[in-house]
Amino acid sequence: MEEVIQASIIRVVDFYKELGISIDRYPSFTYLDEYSPHGKPFGALVINKSWGEDLEIYLKSLFLKYMPQWYQRLGLEISKEAVEEYFEAFSRKIGSLRGDEETGKRLLELGKDIVYFKGLKEFFNENPGKEDYLIDCLNSHELWHCVEMQLGILNDFISEGTADYLREEFYKSIKHVDIIVPSTIKDNDPRREYFDKIVLRLLYRTGYRIVRRHAKYIHDVLDSEKRILMEEEFKRYMDQLASDFPTKLYCKKRGLLSRLIFPELDILDQRRSKQNLATALTQTGAVLLAKELNSQKLSKLLEYHRRIGYIINPS
Ligand SMILES: [Zn+2]
């Protein structure tokens, strides 16, 4: 395992060097015989202490700006304090899907730039003879995170997009066009599916699309003015998504998004009554919201939940 990984790191770093992009040293790594805290299909993780913090702050600003509007469309008034408390519940849920804090700390203490996981080994086993191809595919993305980390720009929202852009450029350079993304390994946690779909769609695919549009040459990816434009476009996209929500809800895609965004849906049962909603909200920690909704007319909100329920659990 270690030799295959090391050889790939050298190939990918050499590719970056040929493009005139320097990396101060070959990234250090280790292999752990366990699954990534991000889920089974993730073969590697670049260890970055503050990843996700900026995204969380940004998501909170979107909740504060738009959540009162979502409820207003359903004829309901909610306070800023209720939104803040609700966001804590949302953030706990996302945090639990990203992996527990203890695992994060343990990985950080390993002191390596990259940790490779069992998902990669299983992916090798499923695709015998293609190990070099698969590890290069993974590393041409992951090592780009190391380049950005060295430059102090890894926490940009478009970082998954720039890493996928570099992976594609790497594969063009060796004339491979069919990029395989490890996705064959099943994860039994049904919530994962929603998380992966949303995160993959937003951070990777939307990010990549934006980067592709702004970058004519590889160096454009690191051009600070171009990156500002890319970041702004990413935020505009997120803002639009948040402002439309939940009016454009009644399609499958938005149903999945709702499932991820509203933590009470995990414990709300099929009956969708006012009492059930209040209990579910209180159990997730959104006590203020439960209280504020209690004195208002919830028919539109319950109808909305019924429709989401139908999308998620068609019976
Ligand atoms: Zn990545």
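Which glycine follows α11, and is its phi positive or negative? The residue is glycine 285, and its phi is positive, near 105°.

This is a predicted model, in which local features need pLDDT of at least 70 and side-chain atom pairs count only at pLDDT 80 or more, while totals for chains, interfaces and linings use all residues. Residue numbers start from 1 along each chain as its sequence is written.

**Overall content**

The chain holds 13 helices and three strands; these are DSSP runs numbered from the N terminus, with helices being H or I of at least four residues and strands being E of at least two. Of its 315 residues, 30% count as buried. A residue is buried if 20 or more other C-beta atoms lie within 10 Å of its own, exposed if 12 or fewer, and partly exposed in between, with C-beta atoms placed from the backbone. Among contacts between residues at least 6 apart in sequence, 76% join residues at least 24 apart; two residues are in contact if their C-beta atoms, placed from the backbone, lie within 7 Å.

**Helix α1 and its partners**

Helix α1 covers residues 2-18, and its 17 residues reach 24 Å from first C-alpha to last, close to the 24 Å expected at 1.5 Å a residue. The expected span is 1.5 Å times one less than the number of residues. Buried in α1 are Ser8, Ile9, Val12, Val13 and Tyr16. They are on the same side of α1 because they cover an arc of only 130° around the axis, the arc being that of the directions from the helix axis to the C-beta atoms. In general, an α-helix has 3.6 residues a turn, so residues three or four places apart point the same way. The other side of α1 carries the exposed residues Glu3, Ile10, Asp14, Lys17 and Glu18. The buried residues of α1 pack against α6 (131-151) and α7 (159-173). Just after α1, glycine 20 has a positive phi of about 85°.

Helix α7 has 15 residues and reaches 21 Å from its first C-alpha to its last, close to the 21 Å expected at 1.5 Å a residue. Its buried residues include Ser159, Tyr165, Leu166, Arg167 and Phe170. Arginine 167 counts as buried because it has 23 C-beta neighbours inside 10 Å.

**The α11 and α12 pair**

The axes of helix α11 (residues 274-284) and helix α12 (residues 287-294) come within 7 Å and cross at roughly 160°. Axes here are lines fitted to C-alpha atoms, for helices over the stretch in contact, and angles run from 0 to 180 degrees between N-to-C directions. The crossing makes α11 roughly antiparallel to α12, a term for angles over 145 degrees. Ala278, Leu281 and Thr282 of α11 make the contact with Val287, Leu289, Ala290 and Asn294 of α12. These residues divide into five nonpolar, two polar and no charged; Ala, Val, Leu, Ile, Met, Phe, Trp, Tyr, Cys and Pro count as nonpolar, Asp, Glu, Lys and Arg as charged, and the others, Gly among them, as polar.

In α11, Leu277, Ala280, Leu281 and Thr284 are buried. Seen down the axis of α11, they fall within an arc of 100°, so they line one face of the helix.

**Pairs apart in sequence**

Aspartate 244 lies in helix α9 (residues 224-244) and is partly exposed because it has 13 C-beta neighbours inside 10 Å. Serine 61, in helix α2 (residues 53-73), is partly exposed, with 14 other C-beta atoms within 10 Å.

| Pair | Apart in sequence | Apart in space |
|---|---|---|
| Aspartate 244 and tyrosine 66 | 178 residues | 9.2 Å |
| Serine 61 and glutamate 84 | 23 residues | 9.8 Å |
| Arginine 167 and glutamate 142 | 25 residues | 8.8 Å |

Terms used: Parallel < 35°, antiparallel > 145°, perpendicular 65-115°, else oblique.
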